[in-house]
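Let's take a friendly walk through this structure, one contact surface at a time. Have the sequence and the 3D view ready.

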Amino acid sequence: MKRFALAGNPNSGKTTLFNSLTGSTAHVGNWPGVTVEKKDGTYKKLGEPISIVDLPGIYSLSPYTSEEVVSRNYIIDEHPDCVINIVDVTNLERNLYLTTQLLEINVPVVVALNMIDVLNKSGAEINAKQLEEKLGVPVISISALREDNLEELMKRALEASSKPREGRTIISNEDLLHLIGDVKIAFKGKQVDNPLFHAIKLIEEDEVEMKSHPELVEMVTDFKKTFKDETFGEDLVAVIADSRYKYITSNFHGSVKRNKEEALEDKMNTSDKIDRVLTHKVFGLIIFAAILFLVFHLVFSENFFFLGGILSANGVAPSLEGTIYEGLFWTESGINSPGVILQNFFEMSFTAITDAVANGLNGALGEGHWFTGFLCDGVLSGLFAILGFLPQILLLFLLFSIMEDSGYMARVAFILDKLFRKFGLSGRAFIPMIMGFGCSVPAMVNTRTLADDREKIATIRVIPFFSCGAKLPILVAIAGGVLQAFGMGNVDLITYSMYLVGIIAAIICVVLMRNTSLRGKSAPFIMELPEYRVPQFKSLMIHLWDKAKHFVQKAFTVILASTIVIWFLSNFGFNWAYLDGDMSNSILAGIGQLIQPLFTPLGFGAQLNAFGFVFAVAAITGLIAKENVIATLAALATIIVTASPDLVAAIEADEEGIEAVAIMIQNTGITWQGCISFIAFNMLTIPCFAACATAKAELPKGTFKWTILFWLAASYVGSATIYSFLSMFDASSFMWAIPVFAGILVLAVAAVIIIVRYNKKHPIKEA
Amino acid sequence: MIKRLDEFALGETGVVKTVEGEGMLRRRLLDMGVTPGTAIFLRKKAPLGDPIEITIRGYELTLRKTEAHLIVLEMGGRK
């Protein structure tokens, strides 16, 4: 099957074209070797099926971000049969800049002039024929959105793909051409593919090229001494960039016929009008905060638009109380947001399925058979725990996609850059971080847009600290348990302060890393602000479908496998007998008891009684999915109180797990400080398997093991600090807590002083 | 008059004379179309004063003042 690659600037409509060409055949997978999501699909409307590969958007073939490296490597190394270069005609100059570089590669190229409809609407026209003559490759006007002319594009591309094309350059400077020719011959002598492309990149002082062919650099340096351009001197990098742009303006300025020439200052279109408000000096930040609040409110709130009181005041709630609608649409705290309604619906269906299966199996195999336990408590409950989060994650994703597709996310980075630079990051890092509140997995994938490796590592490491949707149940259950067992605290207050703890931990860790192991100048921030566009329903849906598929795939592979392993460890003892839910004699409990003392400084270690191992075990099962933390506590709580059916029923009736936590608190002797410390530990420690797998794929080579170590250290130090801090406020523990916390403070201050002094003595070398 | 881009006031226009800096950063600027002879219009500053937004070659580009400092322009220029 022939392979056509789509290459073009970001925002040129590449993904729209991809979706229009491939329809529902697209699938997301991982590139071997390179850690980037590839998208490919099949075009079937011509005689033979053609594979279409969507590459990340790029401005140039000189790599800058890791996304751009992917596109470059694909075009150079994977030898696609044809490159379809998408050009946004509303921004011809900058888009054709990439085209001039693509033409230098020995690959058939077809130029697709996209957004013709937008251009025509503004009263301008473009002369595609003229472009085709000058560029020497087929040029076709299309509208990816309206699917205009796509068949013609593919026909021409298929034609082009059957004859090889020799790369050629538009550079016309005689002296420079001589040098290019010489370097090209040297490359040819080394049997390198695409000698012209590599020759020009070497002269452009491309980092990748200079590293792989250091022996040829001298040739260029020697030449520079003889070369004198009247404007640029011997600055070949500028000469080449300039000659590309000059070529474009001199040849194609006449290609676009506008009604009137507009001066830079007059350009005031809809986009600018929107920008006036959204990036306003004062309102910009306020509007942003409001939008963010609204997004999370839509997805997670159980008191939608704070309408809680209205239902009961009008007598609606009491009349429907006890029906299926209660719980699904509202709880005591208020009306549910769309996200919560969806999630409830999923959960209700899953519970119904699990119950039906359990009943069927109990009938067929008899009560307490290991297979029933395995299927219902192991496989199904594990799967459903993960899938239950699907609706909320997807909804969050949808809202973020709308923000991204509309062009607002770029403005967010613009607004917040200065703030983020204080921590050693750029404004772009904000987007993956805020996505972390939904799910770490897509958030970590998003870090690909960061140009600097150190910034990327720091961002990925702190993403789990932005407490994700799956960690929320831990917060709610334990905060509720603390309230019930100690009669103190406020669930909302504890929940919000824990979110805040996560954010503060993230800031501290980023600042710390950027001043120690990941020291370096903050990466430059050069970014296009695309025009605002109305997001397209179709592309949003395709995007969402991709994510859902990916997520479900993970749930059925890695997560399912590890769930089964943990189930076996927690349901079988060392004598390999099935325990039927009695976890206290299981292999996992054995492991838990073994490591329990390690958690003593955190408040849930050796100071607890016999059942104390449950917290250690819960932390381990949390590695699979954070939902398991509360599930583990609930499972063990059921066993502890197994003599009193009332309590067992209470645990089972309580979906949030508060009852279970309260029972665990009473039976383990954990203090409320220990409970808070336990929440903090789960928030800051190694995230779930899915997130770890993503981190490993996205992080530069060799940094993953340090990242795991970082998470362990951060959670240990963080929770120990919180535990000793909170213990100062209790009559029974302040005696030891005050000196310990003071000690931690002294150590922290000392560390800061040492780091500051060291950094002053060893300033960062200019990059 | 010669000015660096970070010294521009809102609404000022200039033509690029030279682009300083080196390595990837400099080539990125050149790649994005900041080449000598190009007109730049300072469109906006972020709410916190930095970064800035410019219009160049018919599109909007944002960059920090530290990067803008590398761009030397002749004030006024073609309108």
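A polar contact here is a pair of N or O atoms within 3.5 Å; within protein, one atom must be able to donate a hydrogen and the other to accept it, and residues adjacent in sequence count only if both atoms are side-chain atoms. With that in hand, chain A and chain B share 21 residue pairs in polar contact, both residues at pLDDT 80 or more.

## Ground rules

This is a predicted model, in which local features need pLDDT of at least 70 and side-chain atom pairs count only at pLDDT 80 or more, while totals for chains, interfaces and linings use all residues. Residues are numbered from 1 along each chain as its sequence is written, chains are lettered from A and ligands numbered from 1 in the order in which they are written, and side-chain values use heavy atoms, with hydrogens and water left out.

## Where chain A meets chain B

Contact means heavy atoms within 4.5 Å, and by that rule 51 residues of chain A touch 39 residues of chain B. The size of an interface is often given as the accessible area lost when the parts come together. Here the buried area (accessible area, 1.4 Å probe, that two parts lose on being put together, summed over both) is about 4,100 Å², with 57% of it on carbon and sulfur atoms.

There are also six salt bridges between chain A and chain B, a salt bridge being a side-chain nitrogen of Lys or Arg within 4 Å of a carboxyl oxygen of Asp or Glu. One of them joins D417(A) to R64(B), at 2.6 Å from N to O. On the chain A side, the elements that give two or more residues are α3 (92-102), α11 (236-252), α12 (270-278), α20 (408-421) and β12 (526-528); helices (H or I, at least four residues) and strands (E, at least two) are DSSP runs, numbered from the N terminus. That side of chain A has 23 nonpolar, nine polar and 19 charged residues. In this sorting, Ala, Val, Leu, Ile, Met, Phe, Trp, Tyr, Cys and Pro are nonpolar, Asp, Glu, Lys and Arg are charged, and the others, Gly among them, are polar.

## A strand pair across the chains

Which strand of chain B is joined to β12(A)? The partner is β5 (residues 59-63) of chain B, running antiparallel to β12(A) and joined to it by three bridges; strands pair if DSSP finds at least two bridges between them. Within this pairing, M527(A) stands opposite T62(B).

Over all chains, the structure holds 24 salt bridges.

## Two domains of chain A

An automatic or database domain assignment gives chain A a domain 1 (2-161) and a domain 2 (174-258). Their centres, taken over C-alpha atoms, are 24 Å apart. The contact draws 26 residues from domain 1 and 25 residues from domain 2. The two domains bury about 2,300 Å² between them, and carbon and sulfur atoms give 58% of that area. In domain 1, R72(A), Y97(A) and E104(A) lose the most area to domain 2, together 26% of what that side buries.

Three salt bridges link the two domains. R72(A) also forms a salt bridge with E209(A), with the closest N and O atoms 3.1 Å apart.

## Backbone details

Two loops deserve a look. The peptide bond from D50(B) to P51(B) is cis, with omega near -5°, and P51(B) sits in the loop between β3 (39-45) and β4 (52-56) of chain B. In chain A, H79(A) has a positive phi of about 45° although it is not a glycine; H79(A) lies in the loop between α2 and β5 (82-88).
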